[in-house]
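Welcome! Take a moment to look over the sequence and the 3D view, and then we can walk through a few parts together.

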Amino acid sequence: MSPSEYLEQNKALYEAQLTDFLSIGSISIDPACAEDVKRCATWLADHLTSIGLPTVKIYPTPGHPIVYAEDLSAGESAPTVMLYGHYDVQPTDPLNLWTNPPFEPVVRDGKIYARGATDDKGQVFLHVKAIEAIYKTHGKLPINIKLLIEGEEEIGSPNLAPFVRENAELLKCNAVLVSDTSMFAPGEPSIVYGLRGLAYMEINVQGPNRDLHSGSYGGAVQNPLNALATIISKLKDEYGHIMVEGFYDDVLALTEQERADLAALGHSDQRLKQDVNVDTLFGEEGYSSIERLGARPTLDVNGFLGGFTGEGAKTVLPARAMAKVSMRLVPHQRHDDIANKFINYVKSITPPGVTVDITDLHGADPVLVNRDSPAMHAAVKALEETFGTKCRFTREGGSIPVVLIFDQVLGVPTVLMGFGLDNENAHSPDEHFDLGNFHTGMKAAARYYELVAEMVPA
Ligand code: BES
Ligand code: MN
Ligand code: MN
């Protein structure tokens, strides 16, 4: 029996097991969930042991644990692939907008609904099952495999980055594989060759020492919310151009060839508008949507806090205001450098009468991967054979902080072979994962491991 036939026979079982995995509320940012995050790591480690991986370890960190497993029994003549993914998930708020509770998975219309379904538990789990199918049908793997599944991706991988640097020998491999990205469109298998970076900032504005009566003091004392609005209004102009000084200094321009390649993907603005229900799109002038999404940097306010927001009217001049602002970065911008530029710029535009405090919450450096490595060719072949259609090359707007670190520390190509879809509500209520892609993804993964054995030198 082939791995693919074996996978076909076990669909129902694998969906049931995925349901168990998704039932654990491994929200990395919420201190109240720390025990659940730990339980999820243990669940995953136990599962990896149960499918037959000879070495499975849980590495504690100052934050959440790292799950690591390996099977090196293919020997030195075979290549080694390291699979990276994350078992942590985003918070669930706003909870009232979920049709079903986020950690009680349900299947509707061929999709499984739960927090983490597409990002990234479903995508991690399909690899686990692909490996199991190879064990069950061939008795052993054609390659050496290392699995590195972390619990802190959604908070910027603060402990994985040093772990990778300190354990370069342990993680030595010929290629890294990541399934934590989206396909260009349903039915169109895709490889992502670029990820944006991130600089996520918090701005705190402090005005008077207490909330003031807006009649007694308004007009003579600076209002922190007005001041913050002024600051925000100067971050980006009406043409979508970011005004932070020096922001574009290191931006790698798109080549004509790349612009042509991206245009040829046939991205539909109409579909994008329908997907998010807006009548006009907005972005940096002079660029198409697909370029704006993957290859151009951007800046967005993620949240505002301040003042009176209860029912009715209360006349008050608030003492404080806060905003969270994220910037998506592209090569060769650097998270640290952009964070500094942002801090200096915001200080320079802060109106008088308030003090401002700016914190760099977390970030990631952007990355472009080699499109021409043998590991990449194996992935393209596996996807095209399994999906029966041409593979697309795209750049994604999201970030995976550790990918650049793999590149720097391990010096091997990373393949981003994702099976999610952009409209599967990652980070949002009613997150789901298409079960068709779950099952086809498993077959593609199993085929990838076979092809790597033939195509990637050890
Ligand atoms: N899987 C995503 C990254 C992603 C999103 C890739 C969309 C491709 C398309 C990942 O889990 C994620 O959400 N990353 C965060 C990074 C962070 C919290 C440092 C992101 O992009 O916001
Ligand atoms: Mn993810
Ligand atoms: Mn995510």
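This is a predicted model: local features need pLDDT of at least 70, side-chain atom pairs count only at pLDDT 80 or more; totals for chains, interfaces and linings use all residues.

The protein donors to the manganese ion (ligand 3) come from D119 (OD), E154 (OE), E154 (OE) and H427 (NE2), at 2.1 to 2.5 Å. Along the sequence, these donor residues follow the spacing D-x34-E-x272-H. D119 sits in helix 4 (residues 117-138), while E154 lies in the loop between strand 6 (144-150) and helix 5 (160-166), so that pair links parts of the chain 35 residues apart. Both D119 and E154 are buried.

The manganese ion (ligand 2) lies 3.6 Å from the manganese ion (ligand 3), and D119 coordinates both. Around the manganese ion (ligand 2) you will find H86 (NE2), D119 (OD), D180 (OD) and D180 (OD), at 2.0 to 2.4 Å. Its donor residues are spaced H-x32-D-x60-D in sequence. H86 belongs to strand 3 (residues 80-86), and D180 to the loop between strand 7 (175-178) and strand 8 (182-183), 94 residues apart. H86 and D180 are buried.

Next, look for an open sheet of four strands, ordered 12-14-10-15 with antiparallel pairing. Strand 12 (298-306) and strand 15 (355-364) are at the edges with a single partner strand each, so one side of each has no neighbour in the sheet. On average, neighbouring strands are turned by 15 degrees against each other, ignoring direction.

Strand 12 pairs with strand 14 (residues 320-329) over eight bridges, in the antiparallel sense. To find your place there, look for L299, which stands opposite M327 in strand 14.

## Helices around the sheet

Helix 6 (residues 224-233) packs on this sheet, where it touches strand 10 (197-206), strand 12 and strand 14. The direction of helix 6 makes about 15 degrees with that of strand 14. Helix 10 (residues 335-349) lies across strand 10, strand 12, strand 14 and strand 15, and runs at about 165 degrees to strand 15.

## The two ends of helix 8

One last stop is helix 8 (residues 269-276). At its start, a side-chain oxygen of S268 comes to within 3.3 Å of the backbone nitrogen of Q270. After helix 8 comes N277, with a positive phi near 60 degrees.

Technical notes. Residues are numbered from 1 along each chain as its sequence is written. Chains are lettered from A and ligands numbered from 1 in the order in which they are written. Side-chain values use heavy atoms; hydrogens and water are left out. Donors are N, O and S atoms within 2.8 Å of the metal (3.2 Å for Na, K and Ca); water is not among the atoms, so sites may look incomplete. Buried means under 20% relative accessible area, exposed over 50%, partly exposed in between (1.4 Å probe, protein chains only). A polar contact is a pair of N or O atoms within 3.5 Å; within protein, one must be able to donate a hydrogen and the other to accept it, and residues adjacent in sequence count only if both atoms are side-chain atoms. Two strands pair if DSSP finds at least two bridges between them. Axes are lines fitted to C-alpha atoms, for helices over the stretch in contact, and angles run from 0 to 180 degrees between N-to-C directions. Contact means heavy atoms within 4.5 Å.
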